[in-house]
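Dear colleague,

I am passing on the structure that follows, together with some notes on what turned up in it. Please keep it open beside you as you read.

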Amino acid sequence: QRLQHLSLDAPQGKLIVDPQTQHLWLWSRIGRVRDNGSIEIVWSSPGPIPPRPFSEAPAKEPTPAAIDASYDAFSEIIGRNSNFMEKIRIGRITAKTRSNVLIQGEEGCGKKLFGRAIHQTSPMAAKPFIHQNCAGISEKDLQTELFGTNKPDRRPGSLEQANGGVLFLDEVAAMPLDLQRQLLAILQNGQFQRPGEKQVRPLEVRIIATTSRDLLQEIAFNGTFLSDLYDHLNVFNLQLPALRERPEDIPLLASSYLKKININNQTNKQLSTEALTALCSHSWPGNVRELINVLERAFYLSLDETTIQLSHLPTTLSQGLGRQQPKPQPHESNFAPENCSEQQELEHAIRASNYNMSKAAKRLGISRSTLYRKIGKYNIKLTAGIVKS
């Protein structure tokens with residue numbers, strides 16, 4: 001019985017113990033072996049596949065999306081908000097081209113989902129799609145990941161692996177300037193050199209890049225991103241809205257993800273009216289990713305109950321509190337009363353973070369680009385000379 005609700009993260013994905021059979025739910029993937037011996041994942045199951053140890057007939061597996069020419073990955077993206085639907089429309093147009101794409105938006109709002117949908121819906125769907133994360137990695141390691149290593153154990157970098165296909169640069173704003181210059185030169189010339197070699201090799205690769213930062217701010221005020229590289233990447237630009245900017249999509253997303261969890265667990269749980277109301281009232285600083293995590297947690301906390309109640313949600317949702325807003329003090333602001341609280345919260349967070357914008361944004365639970373927009377909106381004066389990124 002202790003195994004019934006056990007789940008754990010493994011190299012292949014999350015493993016779940018089936019409460020009925022005690023067998024494992026496993027992620028399924030289909031790969032293609034490249035000429036260099038590495039493996040390209042061309043299809044992955046949308047979630048863990050339930051075990052059928054006593055089934056007479058195995059379940060029919062779906063056709064791998066990346067090799068189905070009629071597959072439209074955008075049809076699986078959930079939303080009805082008009083602004084969000086416009087992004088999907090532009091995404092479909094983008095998929096028909098080989099041009100570079102820059103996808104911007106807060107963390108957890110679906111940038112990776114859009115990037116993969118562009119590739120899977122494009123004529124290049126059967127070509128390599130190489131994911132390269134630029135954040136949380138040292139400059140030396142990122143250089144190795146991008147450009148490969150020299151002998152004795154030469155390994156191709158992600159740029160070479162993506163040749164003929166797509167290189168997905170996740171959080172490209174985190175890439176150090178020197179590596180940006182190297183990447184720009186390679187993209188401009190359409191050729192590269194392996195480490196330690198003099199031979200120049202042709203390179204044809206599409207870049208789909210994402211960032212949660214405002215790159216124009218990074219260029220103009222912080223000097224941490226090359227304007228030429230921005231121009232090279234910004235052929236198509238998709239600015240994805242935060243979840244709080246499309247609240248009508250919250251019930252759709254909650255229903256869809258709860259359905260997936262139910263299928264994976266062979267259950268039929270529902271959300272109570274009060275729980276759904278709390279979900280729709282939350283500001284979701286972590287966007288769709290946070291919503292998914294909250295639903296999964298509530299599902300397992302509800303144990304054998306058939307309905308997820310308000311009490312199964314985190315207290316910040318169940319109590320309807322969110323972040324406490326300070327009472328407005330009119331003498332500190334000339335703006336309308338409904339804006340005073342937010343302005344004062346921003347100013348307090350900035351001062352408490354010693355004018356470090358990254359720390360202030362984290363304290364507020366928003367992205368740094370959103371913080372800069374709000375600073376401009378309220379015309380907040382920052383102390384000259386000590387503003388930090």
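Two strands are taken to pair if DSSP finds at least two bridges between them. With that in mind, this predicted model has an open sheet of five strands, arranged in the order 7-8-11-6-12 with parallel pairing. Strand 7 (129–133) and strand 12 (236–239) are the edge strands, each of them pairing on one side only, and from one strand to the next the twist averages 15°.

Within this sheet, strand 8 (residues 166–170) runs parallel to strand 11 (residues 206–211), and the two are joined by four bridges; Val-166, for instance, has Arg-206 as its bridge partner in strand 11. Helix 1 (residues 82–95) packs on the sheet, where it touches strand 6 (101–104), strand 11 and strand 12, and its direction makes about 155° with that of strand 12.

Two residues deserve a look for their backbone angles. Most residues other than glycine have a negative phi. Asn-287, however, which is not a glycine, has a positive phi near 60°. Asn-287 is found in helix 10 (residues 287–301), and because buried means under 20% relative accessible area, Asn-287, at 0% relative accessibility, counts as buried. Leu-303, also not a glycine, has a positive phi of about 50°, and Leu-303 lies in the loop between helix 10 and strand 14 (307–308).

Technical notes:
Residues numbered from 1 in each chain as written. Predicted model: local features only at pLDDT ≥ 70, side-chain atom pairs only at ≥ 80, totals over all residues. Heavy atoms only, no water. Axes fitted to C-alpha atoms, helices over the stretch in contact; angles between N-to-C directions. Contact = heavy atoms within 4.5 Å. Buried < 20%, exposed > 50% of the residue type's maximum accessible area, 1.4 Å probe, protein only.
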